[in-house]
Amino acid sequence: MIHFVLLISRQGKVRLTKWYSPYSQKERTKVIRELSGLILTRGPKLCNFVEWRGLRVVYKRYASLYFCMCIDEDDNELEILEIIHHYVEVLDRYFGSVCELDLIYNFHKAYFILDELLIAGELQEPSKRTVARLVAAQDSLVETAKEQTSSITNIIAQAANFTIKMLHKGYGPWGSNALHLESLLLVDVCTRLVDQH
Amino acid sequence: MNPFSSGTRLRDMIRAIRSCKTAAEERAVVRKECAAIRAAISENDQDYRHRNLAKLMFIHMLGYPTHFGQMECLKLIASSGFPEKRIGYLGLMLLLDERQEVLMLVTNSLKQDLNHSNQYIIGLALCALGNICSAEMARDLAPEVERLLQFRDPNIRKKAALCSIRIIKKVPDLAENFINPAASLLREKHHGVLITGIQLCTDLCKVSSEALEYFREKCTEGLVKTLKDMANSPYAPEYDIAGITDPFLHIRLLKLLRILGQGDADASDCMNDILAQVATKIESNKNAGNAILYECVGTIMSIEDNGGLRVLAINILGRFLSNRDNNIRYVALNMLMKAITVDAQAVQRHRATILECVKDSDASIRKKALDLVYLLVNESNVKPLTKELIEYLEASDQEFKGVLTAKICTLVEKFSPEKIWYIDQMLKVLSEAGNFVKDEVWHALIVVISNASDLHGYSVRALYRAFQTSAEQETLVRVAVWCIGEYGDMLVNNVGMLDIEEPITVTEYDAVDALEVSIKRHNSDLTTKAMALIALLKLSSRFPSCSERIKDIILQNKRSFVLELQQRSIEFNCILQKHQNIRSALVERMPVLDEATFSGRRAGSLPTSVSTSTGTARNLPNGIAKPAAAPVADLLDLSSDDAPAPSSSGGDFLQDLLGVDLSPASAPPGTSQPPKAGTDVLLDLLSIGTSPPAQSSSSASNILSSIQDDKASLANLNGLASLTSLSPNATSASPAPMMDLLDGFGPSPQKKEENGPAYPSLVAYESSTLRMTFNISKQPGNPQTTLIQAIFTNLSPNVYNDFLFQAAVPKFLQLHLDPASSNTLPASGNGSITQSMKVTNSQHGKKSLVMRIRIAYKINNKDVLEEGQVSNFPRDL
């Protein structure tokens with residue numbers, strides 16, 4: 001099982017941490033410090049595994065980022081490399097040639113994708129397409145919810161503006177019949193929307 | 001973004017933090033943001049709650065405290081919208097872990113979300129539960145998860161399967177509920193569900209033997225078929241990695257088959273064919289293929305014997321081992337290590353390649369290979385392998401030398417066919433990496449050398465030669481110094497020359513030179529210097545012609561800033577000047593220490609092997625006894641012919657020497673010798689020191705002056721008894737000056753009164769299971785204070801753990817209790833616990849001592865309490 005996932009930049013900055021085994025906050029800081037000291041100093045052509053506290057850390061560098069996963073002694077290291085690559089490919093597909101900045105500004109997205117890939121330290125989905133589809137579906141759920149909110153507020157704002165404009169121009173609700181009707185309708189829509197919201 | 005938003009957006013905050021030039025600036029930005037978030041939290045602001053939490057998560061990732069945001073996660077999870085929940089669950093997984101109480105509050109929301117109509121919300125809840133649930137939550141929510149294993153959408157089923165893994169790991173009792181649903185997952189077509197289902201079965205097998213039996217019987221054939229289908233499946237773009245369809249699924253299938261096949265011939269038989277097919281068909285030019293092969297080899301090695309498959313597997317590993325990719329070589333070494341228990345012969349065939357890996361530039365591979373070599377060594381190949389390793393020692397980098405040295409030393413010690421070879425190899429290690437050699441290793445070398453009487457000359461000459469070339473290796477210098485001190489005459493006279501040796505000419509002057517160099521070298525440490533000083537004293541009687549020069553060197557150390565050296569040199573100087581008559585007897589050769597005793601002791605007393613007498617605090621478990629022990633030992637060095645023992649470094653080593661020395665003197669007349677016990681020899685010694693019998697000092701000097709070899713050890717003991725109370729560090733400190741120490745050897749024994757009156761030891765308490773003996777002594781010039789040393793002996797056949805002695809006294813007494821020597825009392829008198837206390841009697845002369853005692857301990861974890869009163873103290877205390 002994967003005990004934790006770390007993304008560390010070449011400067012030792014943490015970009016993502018995910019803990020599947022219980023580590024207290026203090027231990028977490030210590031683990032990160034220890035491992036970045038261990039991994040960032042290793043040369044480029046060496047193997048991708050380091051032994052650490054009776055566990056094994058598999059890491060792989062992609063551009064300026066080190067992807068590290070800590071596993072048990074009897075897990076398959078080569079497979080973990082493949083899982084790391086799998087994650088990177090999904091990220092790449094999602095962000096469109098992903099870079100470190102994407103992961104900084106959209107760190108929550110990186111987490112959402114990881115959550116579609118791993119649960120309880122085990123691989124969840126071997127298909128990149130399925131992961132992408134699931135993340136996209138949830139993103140669109142969020143978008144719809146947002147749009148709903150903003151469209152309501154927009155409509156309210158427009159309606160208010162229109163009514164005020166009409167009033168200013170001297171068309172009262174008692175003025176031209178057509179306009180009167182329109183503004184009444186708007187006010188009605190507004191109040192209903194507000195109620196709903 | 002919301003057009004009405006106020007405050008900074010997440011993106012702006014990240015930008016602001018990233019533009020900070022210094023850490024202080026960053027802290028300021030974060031502090032400001034945190035303050036704003038806290039304010040929003042206290043106002044219970046709903047609109048920006050999820051944005052604030054997102055910010056908090058980023059701040060958390062930078063390492064700042066964010067505990068105040070924990071409740072916000074719960075609120076977001078409890079809200080109805082998907083975006084809020086999504087962020088809330090993410091925060092929950094990031095900011096909390098399973099050990100926090102707050103987590104319990106989320107159980108109810110989780111339960112609702114697991115029953116939600118929106119499948120994505122169910123997914124979120126399952127994911128959170130799978131990543132951080134605690135045992136209680138697992139118990140509460142297991143039925144929901146179990147139900148979701150049959151949910152219509154496969155993406156929920158797979159999440160539920162992984163969630164179940166977490167649940168059964170937290171609460172193994174729940175495993176049986178999951179066996180049937182897990183088995184039905186194995187028939188799925190959806191890869192995600194299949195992978196997670198197989199993983200769930202694997203973990204079920206690990207926690208429940210019932211599950212293992214069930215799956216072995218019902219599912220083995222199905223799994224073999226699935227693997228066959230996978231291996232023969234046509235190109236499937238969705239799951240293809242490097243030309244292989246879903247390597248992840250392959251690997252998980254192989255892993256589960258391994259567990260099913262282990263220890264079951266039928267199941268193993270059933271999977272033979274497909275394993276052979278996978279092992280031969282999978283391409284090994286890409287990582288994915290190699291990962292499968294690696295897993296396959298592991299499975300072949302674990303399942304019941306099938307010769308043909310094993311050969312195939314070992315061949316694959318051989319191919320891996322010669323691969324250019326470091327990762328592949330690493331896993332090959334890793335797997336060979338497991339294979340060695342199955343087929344050592346096959347692994348031996350790859351010895352040469354493995355040895356090459358020890359010299360690899362990659363630290364991970366080096367370490368793995370060294371571990372493997374260590375397992376490979378046996379009596380027949382120890383010589384060539386050790387040779388290779390020692391040769392490599394020279395080239396290896398500093399970090400690796402420590403590990404390598406330790407491994408070589410253990411190997412040489414374990415498999416050495418003959419002593420001379422052992423000594424040779426150790427010498428090579430010492431001269432190459434002496435600074436990495438542990439204390440017990442060179443102690444053992446000294447013991448071996450002293451035991452091999454025919455090799456004394458050879459060893460000292462070889463050491464002398466090595467010393468000339470690698471004097472910077474501390475431990476080499478120590479061993480050399482010790483041997484020169486002991487066998488200096490053999491060095492000079494070429495005694496016991498072996499045929500293989502090249503003759504060397506060393507004059508007495510050269511030998512003393514070597515010692516002088518090691519004592520004057522500024523980077524020699526204290527132990528080395530002290531050992532050299534003792535060696536000089538020894539040589540002074542072996543080489544009479546150099547005696548003056550040796551005296552000069554010793555005199556130079558009189559001004560040493562290190563107390564130990566200063567004191568020693570003053571004492572030694574005194575011996576050289578005033579006590580010519582006893583000198584030659586004092587510095588005689590060390591008695592040989594029995595190797596078996598030494599190794600036994602070493603195993604028993606390893607944890608207490610550090611104690612330097614530089615006067616720093618020693619936090620040893622034995623309480624008061626140890627600090628006093630070091631000076632006692634030093635004194636013994638001086639008065640006996642044990643002298644070259646590394647007085648300032650080796651607690652354990654010294655104990656051994658003493659232990660051997662003491663055995664003939666276990667029942668000298670007049671001494672109140674407490675029961676002798678294993679590693680507590682020093683403690684016992686001390687007890688003699690603190691309660692000296694009246695006549696001991698006189699008898700000591702008598703014997704000393706008549707110098708009888710067979711009673712020498714008794715003399716040491718008694719001499720020690722009278723001397724201990726004079727040492728400034730000993731328990732019963734007295735202000736007598738240092739020089740008296742040696743004058744004590746003179747013909748006028750007047751130590752009698754100084755130790756105060758002596759008392760016989762009394763059995764203060766005795767039950768059928770326990771005896772407590774008091775050794776009572778008085779500090780000279782302080783009649784009110786009584787020193788009592790309590791010795792506990794176990795009369796039952798059970799070991800007592802958590803032993804605790806408590807005592808209470810009436811108001812007119814004052815009691816000071818020192819820590820006990822141990823809290824474990826070995827069974828049937830095979831050892832004892834000692835504890836000293838000091839009682840001050842304010843009504844001395846009017847009332848006598850009285851004491852209530854309470855002794856608590858555990859037998860097999862059961863508490864036992866014994867109580868009693870001690871009123872049989874002598875009257876005049």
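A contact, as the term is used here, means heavy atoms within 4.5 Å. This is a predicted model, in which local features need pLDDT of at least 70 and side-chain atom pairs count only at pLDDT 80 or more, whereas totals for chains, interfaces and linings use all residues. Residues are numbered from 1 along each chain as its sequence is written, chains are lettered from A and ligands numbered from 1 in the order in which they are written, and side-chain values use heavy atoms, with hydrogens and water left out.

**Chain A**

Select chain A. Among its contacts between residues at least 6 apart in sequence, 47% join residues at least 24 apart. Colour the chain by secondary structure: there are 6 helices and 7 strands, taken as DSSP runs (helices H or I, at least four residues; strands E, at least two) and numbered from the N terminus. Read from the N terminus on, the order is β-β-α-β-β-β-α-α-α-β-β-α-α. Of the 197 residues in chain A, 53% are buried; buried means under 20% relative accessible area, exposed over 50%, and partly exposed in between (1.4 Å probe, protein chains only). The accessible surface of this chain is about 9100 Å², with 56% of it on carbon and sulfur atoms. Such areas come from the Shrake-Rupley method with a 1.4 Å probe, and for residues only the protein chains shown count as cover.

**Chain B**

Now select chain B, whose secondary structure comes to 38 helices and 10 strands. Buried residues account for 58% of its 877 residues. For contacts in chain B with a separation of 6 or more, 68% are between residues 24 or more positions apart. Its accessible surface is about 36300 Å², and carbon and sulfur atoms hold 51% of that.

**The interface**

Display both chains and select the residues in contact across them: 71 in chain B and 65 in chain A. How much area do chain B and chain A bury between them? The value is about 6000 Å², 56% of it on carbon and sulfur atoms; buried area here is the accessible area (1.4 Å probe) that two parts lose on being put together, summed over both. Within chain B, the residues that lose the most area to chain A are Met61(B), Arg86(B) and Phe248(B), together 12% of what that side buries.

Turn next to the charged pairs. Chain B and chain A share 9 salt bridges, each a side-chain nitrogen of Lys or Arg within 4 Å of a carboxyl oxygen of Asp or Glu. Select Asp362(B) and Arg42(A) for one of them, where the closest N and O atoms are 2.9 Å apart. On the side of chain B that touches chain A, helix H5 (residues 82-95) gives the most, with 8 residues. That side divides into 33 nonpolar, 17 polar and 21 charged residues; Ala, Val, Leu, Ile, Met, Phe, Trp, Tyr, Cys and Pro count as nonpolar, Asp, Glu, Lys and Arg as charged, and the others, Gly among them, as polar.

A further selection is Glu51(A), Lys367(B), Lys368(B), Asp371(B) and Lys407(B), which are linked in a network of salt bridges.

Then centre on Ile328(B), in helix H17 (residues 326-339) of chain B. Is this residue buried or exposed? Ile328(B) is buried, with a relative accessible area of 1%. Neighbours within four places in sequence aside, Ile328(B) is in contact with Leu78(A), Asn290(B), Phe320(B) and Asn323(B).

**Salt bridges within chain B**

Over all chains, the structure holds 43 salt bridges. Select Lys55(B) and Glu33(B), whose side chains form one at 3.2 Å, N to O. Lys55(B) is in helix H3 and Glu33(B) in helix H2 (residues 23-42) of chain B, 22 residues apart. Both Lys55(B) and Glu33(B) are buried.

Move on to Arg49(B) and Glu72(B), joined by a salt bridge of 3.0 Å, N to O. Arg49(B) belongs to helix H3 and Glu72(B) to helix H4 of chain B, so this pair ties together parts 23 residues apart in sequence. Arg49(B) and Glu72(B) are both buried.

**Last stop**

Finish at Leu375(B), in helix H20 (residues 363-376) of chain B. With 42% relative accessibility, Leu375(B) counts as partly exposed. Its contacts, apart from neighbours within four places in sequence, are Met337(B) and Ile340(B).
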